[in-house]
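Work through the exercises below with the sequence and the coordinates open. Each task is followed by a solution in steps.

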Amino acid sequence: MGDLPARHFWWGEGGNLAWGERKNPRVSFEKSIDAVLIGADGTWSRECAVKDISATGAKLVLKTTMAGLNITEFFLVLSPAGKPYRRCQLVRVDGEMIGVRFIASGKSGPALKD
């Protein structure tokens, strides 16, 4: 995409982590599911597609440029009605593909908001 680094990187504990090395089982979709990223401050939104998802994170494919945006923390909206959604933290970039970690709210764990 040109606006995100072409290198692979991972933030947080564990250093570099390959796409397949996960703590939680992931559900992969034969056909990606359309979704929208919305900035935590509500000032931007971008289309994306969900390649796979687990209880703690997801692999997304960006459909539009993210140049100039603060994409450290944002919301992943999984339906046109705005629910369900997940608060996310960017943890990996690989070209147009990004990895996100879901940010749990409270002590109940990373359940979907609906």
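**Exercise 1. Hairpins**

Task: State how many residues lie between strand 3 and strand 4 in their hairpin, and describe the pairing of these strands.

Solution. 
- Step 1. The hairpin of strand 3 and strand 4 has three residues between the strands. Strands here are DSSP runs (E, at least two residues) and helices are runs of H or I with at least four residues, both numbered from the N terminus.
- Step 2. Strand 4 covers residues 57–62 and runs antiparallel to strand 3, with five bridges between them. Two strands count as paired if DSSP finds at least two bridges between them.
- Step 3. Opposite Leu60 in strand 4 stands Val50.
- Step 4. On its other pairing, strand 3 (residues 45–53) is joined to strand 2 (residues 27–39) by eight bridges, again antiparallel. Asp34 has Ala49 of strand 3 as its bridge partner.
- Step 5. Strand 2 and strand 3 also form a hairpin, with five residues between them, and there Gly42 has a positive phi near 80°.

The model is a predicted one: local features need pLDDT of at least 70, side-chain atom pairs count only at pLDDT 80 or more, and totals for chains, interfaces and linings use all residues. Residues are numbered from 1 along each chain as its sequence is written, and side-chain values use heavy atoms, with hydrogens and water left out.

**Exercise 2. The chain as a whole**

Solution. 
- Step 1. Buried means under 20% relative accessible area, exposed over 50%, and partly exposed in between (1.4 Å probe, protein chains only).
- Step 2. Take contacts (heavy atoms within 4.5 Å) between residues at least 6 apart in sequence: 56% of them join residues at least 24 apart.
- Step 3. Carbon and sulfur atoms hold 53% of the accessible surface of the chain, which is about 6,800 Å².

**Exercise 3. Aromatic pairs**

Task: Find the two aromatic pairs and classify each by its geometry. The criterion is ring centres of Phe, Tyr and Trp (its six-membered ring) within 6.5 Å; planes under 30 degrees apart are stacked, over 60 edge-to-face, and the rest tilted.

Solution. 
- Step 1. The structure has two such pairs. In one, the ring centres of Trp44 and Phe74 are 6.4 Å apart and the planes meet at 55°, so this pair is tilted.
- Step 2. Trp44 is in the loop between strand 2 and strand 3, and Phe74 is in strand 5 (residues 73–77), so the pair ties together parts 30 residues apart in sequence.
- Step 3. Trp44 is buried at 8% relative accessibility, and Phe74 is buried at 1%.
- Step 4. For Phe75 and Tyr85, the centres are 5.6 Å apart and the planes are at 75°, so the pair is edge-to-face. Phe75 belongs to strand 5 and Tyr85 to strand 6 (residues 85–94), ten residues apart.
- Step 5. Phe75 is partly exposed at 21%, as is Tyr85 at 26%.

**Exercise 4. Cysteines**

Solution. 
- Step 1. A disulfide is assigned to a pair of cysteine sulfur atoms within 2.5 Å.
- Step 2. For Cys48, the closest cysteine sulfur is that of Cys88, at 8.7 Å, which is too far for a bond.

Note on methods: Accessible areas come from the Shrake-Rupley method with a 1.4 Å probe; for residues, only the protein chains shown count as cover.
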